[in-house]
Amino acid sequence: MSSVQSYERILQELRDIRIQLEERVRPVAQYAVQAEVERLLALFEQRKHRLRDCLAEIDRELLGCRDHLAEYNDIRAELAAANERLTSLGAQPLTLPEFPSPRSLMEMIVQRLQAPCDEKV
């Protein structure tokens, strides 16, 4: 057998080994890719649901703020009426707490959200 034939035979054996390795590794690689795809899809769904829950919680909090704002309006109206009554009875009028006008309500919310926590107390 010549060295060229021997070289060709060895080269063919190496090709066969490579093909066998690829046939064995390819399913494992495909499995790993599929497992990662499934993990990412599950994570995506989980985070998507959590995002939806966050928005729902924001909605609940905003509705709560609206309720507190209505209560604030009612109490302020009561104070204004009591202040008028005091004045009509001869007492000095008292200073009422400030109340944002409807056009500046959004500004008030933004300002309160941006203020450090210790200033909100």
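Here is a short tour of the helix, its ends, a surface patch and some salt bridges.

Keep in mind that this is a predicted model. Helix 1 covers residues 3-88, so its 86 residues should span 128 Å at 1.5 Å a residue, and the end C-alpha atoms sit 122 Å apart, which agrees.

Now for the ends. After helix 1 comes Gly90, which has a positive phi, near 95 degrees.

Val25 turns up again in a nonpolar surface patch, together with Ile10, Leu14, Ile17 and Leu21; the accessible area of the patch is about 460 Å². Ile10, which belongs to helix 1, is partly exposed at 42% relative accessible area.

What about charges? The whole structure has 5 salt bridges, including these:

| Pair | N to O distance | Separation in helix 1 |
|---|---|---|
| Arg18 and Glu22 | 3.6 Å | 4 residues |
| Glu36 and Arg39 | 2.9 Å | 3 residues |
| Lys48 and Glu45 | 3.2 Å | 3 residues |

Glu36 has a relative accessible area of 33% and Arg39 has 44%, while Lys48 comes in at 32% and Glu45 at 33%. For Arg18 and Glu22, the spacing amounts to about one helical turn.

Conventions. Residues numbered from 1 in each chain as written. Predicted model: local features only at pLDDT ≥ 70, side-chain atom pairs only at ≥ 80, totals over all residues. Heavy atoms only, no water. Helix = DSSP H or I, 4+ residues; strand = E, 2+ residues; numbered from the N terminus. Expected span 1.5 Å × (residues − 1). Patch = residues over 30% accessible without salt bridge, like charges linked within 9 Å, V, L, I, M, F, W, Y side chains within 5 Å. Areas by Shrake-Rupley, 256 points an atom, 1.4 Å probe, with all protein chains shown as cover. Salt bridge = Lys/Arg side-chain N within 4 Å of Asp/Glu carboxyl O. Buried < 20%, exposed > 50% of the residue type's maximum accessible area, 1.4 Å probe, protein only.
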